Amino acid sequence: MTALTARRTRWGLAAAGGAAAAAWWFGDKAPYPYAQRGLLDIPLPYLTCGRLDGILRPRPGERILEIGPGTGLQSLHTAPQLGPEGRLDIVDIQPEMLDHVTRRAEARGITNITATESDARTLPFDERTFDAVYLVTALGEIPEPDQVLSEAARVLAPTGRLVVGEFFDRHWIPFSRLHRLADSSGLHLETRHGPTMAYLARFHPCHRNEPVPSAP
């Protein structure tokens, strides 16, 4: 089973003391326990909703996929920007997380979120379905992240974009590794914001005759 929930940690936790930091590090499991969901609503440095907007650039009428929405920190911010004609699909392996996001959306009057319980390595969508796909602190929790990226590339429209956000914890994927995995999945790097320990990166499907940049 894969873990598709976003993991949120706090930089200050590491400074709280050796014992607490060790307990956090070795107890950081995937999927993120629903019982500890409160931490998922805390924005992480460099991975705020505002920074996600700047690199994802959601537009009215688009259909976007979020993999591993957690409790909906990004979902509830992104979906309204798509407007009544747009749609945000969320995919997670944990039904509790999906139910949580759906309830929060209903309470806020957000009606354009569709939840699907699924493994991100075998997405239940047709090719070229989405204008954008994004994962924030979720990719490193999923076994075979290369397969997840290949699936993301498959369901993206030719002009679509993929945004990956990663934050330093035991499931963290360094940017250099992500770049290599994306290259192998036919995804071309457009831009990256933030340091390697807390970054957002945007890719698009490589087009014919478009050179793939070498990963560092």
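I began at Gly 109, which follows α5 and has a positive phi, near 75 degrees. Helices here are DSSP runs (H or I, at least four residues) and strands are E runs of at least two, numbered from the N terminus.

I noted that this is a predicted model, where local features need pLDDT of at least 70, side-chain atom pairs count only at pLDDT 80 or more, and totals for chains, interfaces and linings use all residues. Residues are numbered from 1 along each chain as its sequence is written, and side-chain values use heavy atoms, without hydrogens and water.

I looked up the confidence, pLDDT (the predictor's confidence in each residue, from 0 to 100). The protein chain has a mean of 84, and 77% of its residues reach 70 or more. Over residues 1–27 the pLDDT is below 50.

Next I checked the length of α5, residues 95–107.

Which residues of α5 are buried? I found Met 97, Leu 98, His 100, Val 101 and Ala 105. Buried means under 20% relative accessible area, exposed over 50%, partly exposed in between (1.4 Å probe, protein chains only). On the other side of α5, Glu 106 and Ala 107 are exposed. The cover over the buried residues includes α4 (75–78), β2 (87–92) and β3 (113–117).

Last, I turned to Arg 202, in strand β7 (residues 198–205). Arg 202 is buried, at 8% relative accessible area.

Note on methods:
The expected span of a helix is 1.5 Å times one less than its number of residues. Contact means heavy atoms within 4.5 Å.
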